[in-house]
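Come along and check each entry against the picture.

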Amino acid sequence: MELIWNSLPRLFDGALLTIEITAVSVALGLLAAVPLALLRLSHNPFLRLPVYAYIFYFRGTPFIVQLFLIYYGSGQFRDTLESAGLWIFFREAYFCAILALTLNTAAYTAEIFRGAIQGVPFGEIEAARACGMSRGLLYRRIILPKALRLALPAYSNEVVFLLQTTSIVSIIALLDLTGVARVIIARSFEPYKLFLAAAVIYLVMTYGVLYVFKKVEFWLSGHLRERPDDSVKAVVVR
Amino acid sequence: MLRKIFATTIAALAIALIAGTASAEMKKVRIGTEGAYPPFNYIDSDGKLQGFDVDIANALCAAAKLDCEFVVQDWDGMIPGLLAKKYDAIIASMSITEERKQKVDFTAKYYSTPAKFVTKAGANIEITKAGLKGKTVAVQRATIHENFLQDNFGEVIEIRSYATQDEANADLAAGRVDLVLADSVALDEGFLKTDAGKGFAFTGPGFTDRKWFGDGAGIAIRKGEDELRKALNGAIEQIRADGTYKNINSKYFEFDVYGG
């Protein structure tokens with residue numbers, strides 16, 4: 001117990017890094033995912049197939065392999081990367097972790113959005129067209145907002161998965177929550193206590209993510225709830 | 001059909017049991033090793049365990065008349081795995097230190113070599129607090145070398161801890177870290193003499209301070225298992241005396257790794 005108590009400050013530092021890399025990768029991945037989903041749905045094979053291949057690769061290989069390829073793989077091509085001025089990025093484990101996580105989550109998220117876009121009821125699209133909306137306007141006002149709502153439950157899953165996946169970055173010597181736990185275990189030889197403590201912190205973080213998504217879902221589903229009853233209010237005022 | 005399979009299985013189990021009791025005089029001992037620490041223990045291209053530790057382990061088992069079986073385990077789970085009874089002894093170049101002695105017992109040492117830093121040849125880094133200030137040092141996690149860095153240079157350097165020594169070496173070769181600290185022989189044979197180690201060299205003195213580096217590499221066993229400890233200690237003396245140790249030593253090294 002004393003060991004866990006004394007380790008808490010360091011575990012929290014690790015948890016902060018976990019939150020940071022999760023947040024950055026989620027944000028970047030989300031930015032990339034929307035255009036990727038649209039390209040994935042394109043009728044032009046030159047646009048669709050490369051995106052399809054990218055998504056297939058990142059969904060079809062384990063994250064640990066992707067991370068190793070980017071981290072140790074880039075080490076092999078140091079000269080090429082240096083002449084391209086990119087080595088200063090690939091030199092950093094932090095950058096490699098963010099890059100791998102972003103590419104990974106963007107692939108999954110794009111696929112979630114693709115499903116959601118295809119799930120928008122055709123009647124709504126038809127109605128928009130009947131109103132004379134252009135293609136751009138149709139996507140901006142009807143399809144994308146509706147798809148976002150449809151995608152939300154599956155997307156919250158993806159964010160939770162990504163949070164757990166970040167634990168793998170400890171293998172490239174980053175001190176995230178798992179990494180810190182491992183460093184402390186190295187000298188205390190108490191894996192159960194430390195990993196249990198780390199598990200509790202992961203649970204709390206996951207709860208935080210779920211809570212945020214619950215709030216967003218509530219906010220986006222206003223039109224599905226009953227209106228507040230105006231007449232009751234009127235009686236009170238009177 | 002099912003019944004037939006069942007009957008055959010029972011018969012096979014019975015035979016195995018009888019055979020098992022027949023060889024019960026040979027005590028079964030499972031030995032934990034890492035398999036990622038050349039030249040002491042590594043897995044060769046055919047997927048077989050090789051190395052100085054493995055040869056020594058086999059020689060010790062023959063001398064102590066033990067029926068040994070190897071279990072491969074990642075380094076940072078080595079002692080927890082022993083305590084969880086996944087194996088009965090660790091023969092994996094584990095140094096005998098006070099910190100570890102609080103959790104496990106050790107036999108006498110079976111070799112002892114100093115720790116050294118490796119850096120780019122001609123980098124001219126002085127191994128002092130001032131000289132190392134701001135440097136990044138790679139090390140294997142849960143090693144005496146990690147402890148030594150934390151305790152002596154923790155405030156002035158950035159320590160990067162890797163699961164295996166090979167990964168630490170790879171990041172030195174890639175230029176992501178400035179130095180690596182590890183056992184001098186493991187660095188020499190496992191890195192400097194390989195293609196990846198070209199252009200790198202030892203720097204600074206060899207470290208042997210007992211407080212961190214202990215009394216050389218020994219065999220770790222669970223506390224209280226004195227019978228096994230005595231058997232292994234006897235076996236170490238025996239292979240030292242009968243020339244087996246010397247043969248294994250010269251297969252890997254040009255000098256005596258047993259140390260003074």
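**Entry 1: a parallel pair.** I looked up strand β9 (residues 136-140) of chain B and found it running parallel to strand β11 (residues 179-183) of chain B, with two bridges joining them. For the pairing I used this rule: two strands pair if DSSP finds at least two bridges between them. The strands themselves are DSSP runs of E with at least two residues, the helices are runs of H or I with at least four, and both are numbered from the N terminus. On the β11(B) side I found B:Leu179 standing opposite B:Val137.

A note on what I am reading: this is a predicted model, in which local features need pLDDT of at least 70, side-chain atom pairs count only at pLDDT 80 or more, and totals for chains, interfaces and linings use all residues. Residues are numbered from 1 along each chain as its sequence is written, while chains are lettered from A and ligands numbered from 1 in the order in which they are written.

**Entry 2: the sheet around that pair.** Which strands form this open sheet, and in what order? I read five strands of chain B in the order β10-β9-β11-β8-β12, with mixed pairing. β10 and β12 (200-207) of chain B are at the edges with a single partner strand each, so one side of each has no neighbour in the sheet. Ignoring direction, neighbouring strands here are turned by 30 degrees against each other on average. Next I found α6(B) lying across β8 (115-120), β9, β10, β11 and β12 of chain B, at about 145 degrees to β9(B). My angles run from 0 to 180 degrees between N-to-C directions, with axes being lines fitted to C-alpha atoms, for helices over the stretch in contact.

**Entry 3: the other sheet.** I then traced an open sheet of five strands of chain B in the order β5-β1-β6-β13-β7, again with mixed pairing. Why is one side of β5 and of β7 (104-111) of chain B left without a neighbour in the sheet? These two stand at the edges, so each has a single partner strand. The average twist from one strand to the next is 30 degrees.

I went through the pairs one by one:

- Strand β1 (residues 27-33) and strand β5 (residues 66-72) of chain B are parallel over seven bridges, and B:Gly32 stands opposite B:Val71.
- β1(B) also runs parallel to strand β6 (residues 89-95) of chain B, over two bridges, with B:Ile31 opposite B:Ala89.
- β7(B) and strand β13 (residues 217-222) of chain B are antiparallel over five bridges, and B:Tyr111 has B:Ala217 as its bridge partner.

Helix α10 (residues 226-241) of chain B lies across β1, β5, β6, β7 and β13 of chain B, at about 5 degrees to β7(B).

**Entry 4: two domains.** For chain B I noted domain 1 (26-112 + 215-252) and domain 2 (115-213); such bounds come from an automatic or database domain assignment. Their centres, taken over C-alpha atoms, are 25 Å apart. I counted a contact when two C-beta atoms, placed from the backbone, lie within 7 Å. By that rule 11 residues of domain 1 of chain B touch 13 residues of domain 2 of chain B.

**Entry 5: the core.** Which residues touch the most other members of the largest nonpolar core? In this core of 121 residues, they are A:Ala97, B:Leu60, B:Ala89, B:Val180 and B:Ala220. Helix α6 (residues 93-118) of chain A gives the most to this core, 14 residues. A nonpolar core means buried Ala, Val, Leu, Ile, Met, Phe, Trp, Tyr and Cys residues joined through C-beta atoms within 7 Å. Buried means 20 or more other C-beta atoms within 10 Å of the residue's own, with C-beta atoms placed from the backbone. I followed up B:Val180: beyond its neighbours within four places in sequence, its contacts include B:Phe117, B:Ala138 and B:Leu172.

**Entry 6: where the chains meet.** I found 19 residues of chain B in contact with 13 residues of chain A. On the chain B side, β10(B) gives the largest share, three residues.

**Entry 7: chain B overall.** I finished with 11 helices and 13 strands in chain B. Of its 260 residues, 42% are buried.

Definitions and conventions
Buried ≥ 20, exposed ≤ 12 C-beta atoms within 10 Å, placed from the backbone.
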